[in-house]
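Me: Could you walk me through this complex? I'd like to know what the secondary structure terms stand for before anything else.

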Amino acid sequence: MLSSTGFFKKTLVSIAPSIITISLAILASALLLLLTGQDPVEAFQTLFWGAFGSTHRIAETLVKATPLMIMALGTSIAFKSQLWNIGGDGQFTLGAIFAMTVALNFSALPNMLLLPLSFVAAFLGGALWGGLAGVFRAKFNANEVITTLMLNYVAVHLLSWVVRGPLIDPKGHGFPQTPLLDEALKLPILLSGTRLHLGIIIGVLIILAGYLFWRSTLGFRIRLMGEGHHVARYSGIEISPTIVLIMVISAGLAGVAGWTEVFGIHYRLMDDITAGYGSLAIVVALLGNLNPLGIGISSFFFAALIVGGSTMQRMVGVPFSLVSVIQGLVIIFVISRVIYTQWRDRRDGSINPGVSNKSTGRSY
Amino acid sequence: MTEVLTQGFLISLLAGAIRTSVPILLTALGDIFTQRAGILNLGLEGIMLMGALGGFVGAYFTGSLWLGVLLAMLIGVLFSLIMAFLSVTVKANQVIAGTALTILGTGLSAYLYRSIFGVQKLPPQIEAFPAIKIPLLGDLPFWGPVLFEHNILVYLTLVLVFVTYFVMEKTTFGLSVRAVGEHPRAADAKGINVQLVRYICVMIGGALAGLGGAFLSIGFMNTFLDQMVAGRGFIAVAVVIFARWNPYRALGAALLFGGASALQLRLQAMGVPVPHQFLLAMPYILTILVLLSVSKKAQFPAAYTVPYSRAER
């Protein structure tokens with residue numbers, strides 16, 4: 001066991017690089033703001049106020065953090081095993097479609113049963129989409145980056161069809177959306193007057209489960225996969241089924257994120273429910289160093305960025321796409337950190353200034 | 001369904017297939033260099049978006065489409081330098097570096113477009129490259145309108161297919177590129193600067209992806225739209241794998257995707273009894289199927305996605 005001061009010191013040391021990374025990304029985007037004739041101080045002040053300025057705003061930030069942390073945990077499981085699942089958006093969408101289909105078609109069931117059933121359906125929907133890419137990779141050696149990405153586009157069109165065809169609201173005057181969920185199926189609101197719903201607690205529980213997961217035998221096998229699929233094979237792990245299993249878990253979590261978003265916020269399906277969570281989840285997972293606590297913290301940070309970013313667009317007219325710029329920069333700075341490590345190793349006369357993951361012990 | 005078989009339909013389908021395939025093909029040609037040198041650049045999607053913006057902005061403000069093309073290629077090169085730096089110098093994971101670049105390009109192109117043009121009721125437009133009817137050949141029945149009534153960039157792309165083949169297979173530079181992708185250590189021992197060759201190949205990929213993006217905004221359409229690339233950068237990567245790094249096969253594969261998109265549009269217009277969303281999803285499903293069919297036996301460059309370092313054994 002670590003003593004509490006040891007724990008704090010360790011935490012501080014482990015989050016310092018993330019803080020430096022974020023600061024650099026914000027500095028670079030401040031430069032962009034200056035170049036395009038905006039006032040960076042005003043912009044970031046508005047952003048901060050937009051995310052934290054009132055109870056309502058903090059609640060909104062937590063609302064956005066919910067799907068992000070669940071999805072990013074899924075992303076981290078795939079990334080740890082060197083499987084590059086970047087199809088979070090599609091898996092999120094399939095989860096939402098499956099859950100809604102169950103909720104609308106089995107409304108005769110008691111709600112106590114229907115709500116958990118929709119949760120399971122969401123997991124399965126995501127898992128189906130990710131599992132497909134897993135099978136393609138395991139059986140056909142098809143690059144999962146491209147297949148998961150392509151499945152994202154397919155999911156967009158599938159959702160577009162679902163809300164205009166089979167699940168369209170019959171009383172919605174042809175508007176492309178499904179009927180609203182039954183009142184009893186909506187996730188309960190935790191703080192009246194805000195949109196903060198039960199999902200955040202489910203999200204935190206899933207993050208905690210993430211800790212247990214990494215201590216399980218399966219978690220250990222996945223980390224072995226991360227050492228390289230050859231290493232795992234020599235250790236007696238069957239690669240193909242493990243690849244599919246990892247993709248199923250990773251994508252299933254994205255499906256669950258879709259469930260929290262629909263059952264906690266929108267209460268119906270419509271176009272654009274993913275709102276770019278997929279790419280955000282990748283950034284969150286990487287900035288969080290692929291560990292559950294880190295993911296919890298960085299999901300909160302990026303949620304603040306999107307909530308504050310839309311306030312910034314409304315109040316001072318800075319385009320919301322600045323948030324994507326910051327995301328991209330954060331990843332670039334995260335992966336460039338090894339430059340510093342390499343330089344330090346070389347200065348210290350280390351014999352192996354070679355490949356990045358050796359000198360830093362990280363898996364990407 | 002008899003109208004499917006009319007000559008007019010076929011002409012418009014085939015000519016449309018050629019036009020739609022050009023942005024994918026241009027990006028794929030550049031990516032042949034990049035992939036052959038051992039680098040998987042998933043940032044092409046973002047680079048294409050920056051190129052689409054650069055081409056449009058250049059053409060809009062200078063009034064010259066060619067300066068737009070130049071700006072797009074320049075921006076493509078600059079943007080790809082980030083990828084080259086991350087994958088060659090930092091030796092970072094290429095999937096993550098590429099994803100970062102795509103997110104950055106998506107955000108930055110939208111941000112800059114808003115900053116430059118503000119929010120307008122009607123999107124600003126330019127005169128796109130006009131179609132040029134080639135004398136004599138353009139008068140051929142059927143093949144004339146299919147092959148010889150395109151804008152200059154379409155013809156240029158076709159020329160680039162041959163140039164790419166020639167450079168790759170018949171020049172020492174092409175040989176170096178292949179050596180670097182197959183066996184960087186041996187290439188290094190022969191005195192080839194592995195890192196420099198990889199930088200150059202990523203930059204060629206960036207220039208052509210920038211041009212591919214510009215084709216969308218100033219050749220195919222006449223305006224810039226956020227997300228107008230719509231996955232074509234990723235499809236180009238798949239095309240290169242499908243074509244097994246050969247420019248002629250890349251031409252065929254790009255035409256296949258162009259054909260799927262063009263067919264999809266025309267089937268929609270005809271009102272076939274299939275939900276149009278399924279037609280829209282066709283090119284993406286096709287990409288997956290194509291990857292499934294070739295990935296098992298494709299001989300990837302031996303040093304694919306592996307950074308090179310002299311100190312490593």
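Reply: Helices and strands here are DSSP runs numbered from the N terminus, a helix being a run of H or I with at least four residues and a strand a run of E with at least two. In those terms, Ala16(A) is found in helix H1 of chain A, which covers residues 4–35. This is a predicted model, in which local features need pLDDT of at least 70 and side-chain atom pairs count only at pLDDT 80 or more, while totals for chains, interfaces and linings use all residues. Residues are numbered from 1 along each chain as its sequence is written, and chains are lettered from A and ligands numbered from 1 in the order in which they are written.

Me: Is Ala16(A) buried or exposed?

Reply: Ala16(A) counts as exposed because it has 10 C-beta neighbours inside 10 Å. With C-beta atoms placed from the backbone, a residue is buried if 20 or more other C-beta atoms lie within 10 Å of its own, exposed if 12 or fewer, and partly exposed in between.

Me: OK, zooming out, what is chain A made of?

Reply: Chain A has 14 helices and zero strands. Its C-alpha atoms fill a box of roughly 70 × 55 × 40 Å along the principal axes, and of its 364 residues 51% count as buried.

Me: And what is the radius of gyration of chain A?

Reply: Chain A has 21 Å, which agrees with the value near 21 Å for a compact globule of 364 residues. The radius is taken over C-alpha atoms, and the globule rule is 2.2 Å times the number of residues to the power 0.38.

Me: How does chain B look by that rule?

Reply: Chain B comes to twelve helices and two strands, in the order α-α-α-α-β-α-β-α-α-α-α-α-α-α from the N terminus on. Its radius of gyration is 20 Å, close to the 20 Å that the globule rule gives for 313 residues, so chain B is as compact as a globular protein of that length. The C-alpha trace of chain B spans about 65 × 45 × 40 Å along its principal axes, and buried residues make up 53% of the chain.

Me: Switching to confidence, what does the predictor give the complex?

Reply: The complex gets an ipTM of 0.91 and a pTM of 0.90. For chain B the mean pLDDT, the predictor's confidence in each residue from 0 to 100, is 91, and 98% of its residues reach 70 or more.

Me: How many residues does the contact take from each chain?

Reply: The contact takes 43 residues from chain A and 43 residues from chain B. On the side of chain A that touches chain B, helices H5 (111–140), H6 (144–162), H11 (277–287) and H13 (322–347) each supply at least two residues, and H13(A) gives the most, with twelve.

Me: What sort of residues are on that side of chain A?

Reply: They divide into 27 nonpolar, 16 polar and no charged, where Ala, Val, Leu, Ile, Met, Phe, Trp, Tyr, Cys and Pro count as nonpolar, Asp, Glu, Lys and Arg as charged, and the others, Gly among them, as polar.

Me: Back to a loop, then: where does Ile192(B) lie?

Reply: Ile192(B) lies in the loop between helix H8 (184–189) and helix H9 (194–220) of chain B. It is partly exposed, with 18 other C-beta atoms within 10 Å. Leaving aside neighbours within four places in sequence, Ile192(B) is in contact with Ser176(B), Ala179(B), Val180(B), Ala187(B) and Val197(B).

Definitions and conventions
Contact = placed C-beta atoms within 7 Å.
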